[in-house]
Amino acid sequence: MSFESLGLAPALLRALAEQGYANPTPIQAGAIPVVLEGHDLLAAAQTGTGKTAAFALPLLHKLSSARPAATRRPHALVLTPTRELAAQVNDNLRDYGRHLRVSSTTIFGGVSMGPQMQALRRGVDVVIATPGRLIDHMQQRSVDLSGIDTLILDEADRMLDMGFLPALKRILAALPRQRQTLLFSATFAPPIKALAMQFMHEPREVSVTPPNTVATTVSHHVHPVDAARKRDLLLHVLAQDSRRQTLVFSRTKHGADKLVRYLEAAGLRAAAIHGNKSQNARTRALSDFKTGRITVLVATDIAARGIDIDQLPIVINFDLPMVAEDYVHRIGRTGRAGADGLAVSLVSHDESGLLRDIRRLLKQEIAITDVAGFEPSQPLRLDAGAPRPVQGQRQPQGQRQQRPSRPAPSHRPHGHAQQGSAERASDGNHKRRRRRPAAKA
Ligand code: AMP
């Protein structure tokens with residue numbers, strides 16, 4: 001299958017060729033014809049699958065071929081959970097649409113409303129917005145949504161997770177009923193289905209990745225370590241190749257800041273990206289990371305959501321996420337488009353339950369290896385049924401963690417992968433689901 005055979009406008013084919021994209025990814029091959037035919041679309045695809053182009057290309061095609069006479073009202077609205085994702089979608093639209101006369105603008109919080117109002121007043125074809133700030137504009141009557149004939153909900157599952165459902169409903173109620181609606185989500189969980197039932201018209205479904213899986217090109221490694229020694233172990237892992245761009249996940253904003261200070265004190269070039277940083281600081285950190293000015297980007301889950309960094313070789317979980325699904329989102333940053341990726345998690349004894357949740361969700365092996373010099377005083381509890389091991393006590397045979405026989409390059413552990421124990425573990429913990437508090441983009 002080629003982009004030509006999808007019937008896209010020559011100007012788009014040119015832009016794609018310039019980007020070096022030879023063939024559509026599976027989500028693009030599945031979604032583009034459905035969108036061009038004018039159907040509503042429910043697409044299950046995660047970041048890294050090429051989902052942005054799956055809606056951006058047919059949208060640009062439609063706008064280029066059937067543009068009504070010049071009007072100031074926007075024709076298409078893309079809603080995203082985060083500012084970073086909105087900016088990234090806009091960048092992609094501009095890249096793919098560089099040979100077309102289609103204009104777009106972003107509308108998100110954290111920056112002043114004035115320039116956004118001016119852009120809207122001048123007139124744009126596509127608005128890419130986070131829900132909170134769009135509602136602000138609706139209240140100020142600075143945005144006219146009456147001409148929207150295409151609505152795209154990007155990362156809809158994450159918008160619901162972040163508490164945006166009431167905002168989404170308000171926005172949807174303000175849109176023309178006659179429109180095409182495309183919904184992209186990592187999963188088709190029941191709340192997503194409910195949203196689709198309520199607001200979409202006989203949507204076609206396209207699903208390219210089974211829910212909750214990560215690229216098979218990613219290898220997963222866990223290093224058990226005492227919480228107090230995590231920072232030193234992180235330095236040790238980073239020291240294996242200090243030129244390598246590494247994304248490090250921290251569970252909290254405060255933790256991310258502390259970690260950056262620690263890394264900087266150790267001579268590394270690092271920056272944090274999280275919700276308490278100004279939009280400018282976030283944009284700068286991301287672009288410094290992309291250009292290589294900094295080598296370590298420490299991010300919280302929400303800030304990192306949807307960040308597009310090509311072919312990141314390694315992602316490190318300094319803390320495990322509270323919700324197992326976030327592990328999948330975090331790891332979505334590596335192993336993209338067939339490249340090899342490495343996911344390294346530094347796990348302390350008190351995170352054993354979180355690791356069990358992740359192992360249950362992930363249908364792949366996780367290699368668990370101690371790093372020489374950083375062996376934990378208490379082993380991880382991988383089988384919740386087992387009695388709680390006390391300090392110094394050995395684990396039962398079959399669960400003993402492999403210890404490398406020589407000082408290990410931590411990011412290439414050679415301990416054997418523990419397989420199948422995710423299925424064996426039965427800790428009765430399935431029902432524990434910590435929900436994120438509502439957040440405003
Ligand atoms: P996305 O899932 O939209 O975040 O895209 C993931 C990455 O894949 C981005 O870096 C895109 O630039 C890239 N990409 C999108 N479409 C293609 C394609 N057809 N071939 C190769 N790479 C692509």
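Me: Which hand has the crossing of α6 and α8?

Reply: This is a predicted model, in which local features need pLDDT of at least 70, side-chain atom pairs count only at pLDDT 80 or more, and totals for chains, interfaces and linings use all residues. Residues are numbered from 1 along each chain as its sequence is written, and side-chain values use heavy atoms, with hydrogens and water left out. A crossing is left-handed if the near helix is turned anticlockwise from the far one by less than a right angle, and right-handed if clockwise. For α6 and α8, the crossing is left-handed.

Me: At what angle do the axes of helix α6 and helix α8 cross, and how is α6 placed relative to α8?

Reply: The axes of α6 (residues 131-140) and α8 (residues 165-173) come within 10 Å and cross at roughly 45 degrees. Angles under 35 degrees count as roughly parallel, over 145 as roughly antiparallel, 65 to 115 as roughly perpendicular and the rest as oblique. Therefore α6 is oblique to α8.

Me: Which residues of α6 and α8 make the contact?

Reply: Contact means heavy atoms within 4.5 Å. The residues of this contact divide into 7 nonpolar, 1 polar and 1 charged. On the α8 side they are Ala167, Leu168, Arg170 and Ile171, and on the α6 side Pro131, Leu134, Ile135, Met138 and Gln139.

Me: How many residues of α6 are buried?

Reply: Buried means under 20% relative accessible area (1.4 Å probe, protein chains only), exposed over 50%, and partly exposed in between. The buried residues of α6 include Arg133 and His137, and β2 (76-79) and α5 (113-122) are among the elements covering the buried residues. α6 is mostly covered, the buried count being 7 of its 10 residues.

Me: How is α2 oriented relative to α3?

Reply: Helix α2 (residues 26-36) and helix α3 (residues 51-65) pack at an angle of about 30 degrees, with their axes 9 Å apart. That angle makes α2 roughly parallel to α3.

Me: Is Arg282 buried or exposed, and with which side chain does the side chain of Arg282 make a polar contact?

Reply: Arg282 is found in helix α12 (residues 279-291). Arg282 counts as buried because its relative accessibility is 6%. A polar contact is a pair of N or O atoms within 3.5 Å; within protein, one must be able to donate a hydrogen and the other to accept it, and residues adjacent in sequence count only if both atoms are side-chain atoms. At 2.7 Å, the partner of the Arg282 side chain is the side chain of Glu84.

Terms used:
Axes fitted to C-alpha atoms, helices over the stretch in contact; angles between N-to-C directions. Helix = DSSP H or I, 4+ residues; strand = E, 2+ residues; numbered from the N terminus. Nonpolar A, V, L, I, M, F, W, Y, C, P; charged D, E, K, R; others polar.
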